[in-house]
Amino acid sequence: MAKLEGSFELSKLALADGHSENSPYFDGWKAYDLNPYHPLLNPCGIMQMGLAENQLGTALVDEWVEKHTRFLAWKDTLTSFKETALYQDYHGFDSFRKALARFMEEVRDGRAKIDPDGLVLTAGATAANEILTFCIANPGETLLVPTPYYAGFDRDLRWRTGVEIEPVECSSDESFQITLPALERAYRTALKKGKTVKAVFITNPSNPLGLTISPHTLYQVLDFAREKSIHVIADEVYAGTVFSSPPFTSILELIQSSNKYGPETVHIVYSLSKDLGLPGFRVGALYSSNQTVRTAARRMSSFSLVSSQTQALLTSLLLDSGFTQNYLLRVRKELRRRHGDFLKGLREVGVDCVEGNSGLFCWVNLGKLLRIDDWEGELQLWRVVLEKIGLNISPGCSFHCSEPGWFRVCFGNMSEEDMNVALGRIRSFMSNNGGAGRGDGGGSKGMMTIPEEAPPMVRPHLSYVLDAEQQA
Ligand SMILES: Cc1ncc(COP(=O)(O)O)c(C=O)c1O
């Protein structure tokens, strides 16, 4: 290659590793992409259980769109073709913000009031989280984030903003719930590092725990933030996936029913990616009653608008309350059934998990299978599950879990048949490994036949998965 003169160096941001894509969380996706399972075409391929996608209601949305194609052709829509094709007002269509506010209230069972003017539209919750971080913290300042937390936050909250995360370490002894001592510890640690703490960032319901946060804990978070004079950000993208008790409580409900907390310091993130299963549409929003945050966020949202066509189509869908009611009811019912079946299947082979009530996944304890009780041991086990059983599940280290051995396993992105194939693979793997954890003495650490040297991670064709299948 010819040598060019001058400075062609790229920016620090482009060259740095802050996007966190080089992690087992994303490596598992790459492995899946190279060898995706298909019941007929590739029955020995890798099954994708590392993607929190909601496909349980896709057919319902598809059916609605099919019946309402006139909305796609701008017949009977609230906007004309011209209005849709030309530059949009970057506040988004009023009609769409009203429709989204209505749906957000419905998802919260009408117990929280959403003012359409408080919504700033963004291309998914990813953008909303970054924009809120940009609004609240300067580079080098810190957010307190309870662990385990969604792996994408390292990218969304930190990478381009230069903001740092101080983990609030939650432990399995307390079912990974946020506690006041854990918040205080994280706060003190950040101060010792010379950092300014700007907010507590919670995810309710939690990804990866699949659990709602209780009103008691939410009050503790609010009280803590009030005492320290810091903001609260609540990512509520899984609000509509709560399928069993206790019910979901939005932090908005609490601040709206009390004068104690300054509403201008509490901000919500939402999207249609999880609750309506539309991550490809890229529709999200942040909700704030802080006028300065709203204005700044709206300006920043220029970089990540929701297309007019998407807004026009979804306005009609979200205003169809008959559809949304039926959708939420059916998806929640299906999630409850799937979750129950999946947990039962895991427990039958001695695998323990957190008893979740929401989300598209479960938080599974494979600690008993670790050959060595540390992060390397967890990664070894993850590689074995990926390569020997052909399941892409996500290791706890990618969620910054404070204890090795936990994994997030998604089940909302696959058919019931595929979920049963996955359970079958787990069953045969467990029986080949002495029924670890069945309470019969077979569950002690070191029982599993993991190769001394874990094999390289990604192989185009997993013949060893074939071996595992044949053993089954
Ligand atoms: C807690 C949480 N927040 C935000 C996101 C990103 O959502 P979106 O697809 O709307 O950008 C995810 C995706 O998995 C998530 O789990």
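What do the buried residues of α9 pack against? This is a predicted model, so local features need pLDDT of at least 70 and side-chain atom pairs count only at pLDDT 80 or more, while totals for chains, interfaces and linings use all residues. Residues are numbered from 1 along each chain as its sequence is written.

**View 1. Helix α9 and its neighbours.** Here's the reply: the buried residues of α9 pack against β3 (142-147), β4 (164-169), β5 (197-203) and α10 (215-228). Contact here has C-beta atoms, placed from the backbone, within 7 Å. Helices (H or I, at least four residues) and strands (E, at least two) are DSSP runs, numbered from the N terminus.

View 2. A182, L183, A186, Y187 and A190 are buried. On the face turned away sit the exposed L180, P181, R188 and K192. Buried means 20 or more other C-beta atoms within 10 Å of a residue's own, exposed 12 or fewer, and partly exposed in between, with C-beta atoms placed from the backbone.

**View 3. Around the ligand.** The ligand has 14 residues around it, and the closest are G124, A125, T126, S271 and S273. To count, a residue's C-beta atom, placed from the backbone, must lie within 6 Å. Helix α7 (residues 124-136) gives the most, three residues.

**View 4. An open sheet.** Four strands line up as β9-β10-β13-β12, with antiparallel pairing; pairing takes at least two DSSP bridges between two strands. In β13, F407 stands opposite V364.

Note on methods
Contact = placed C-beta atoms within 7 Å.
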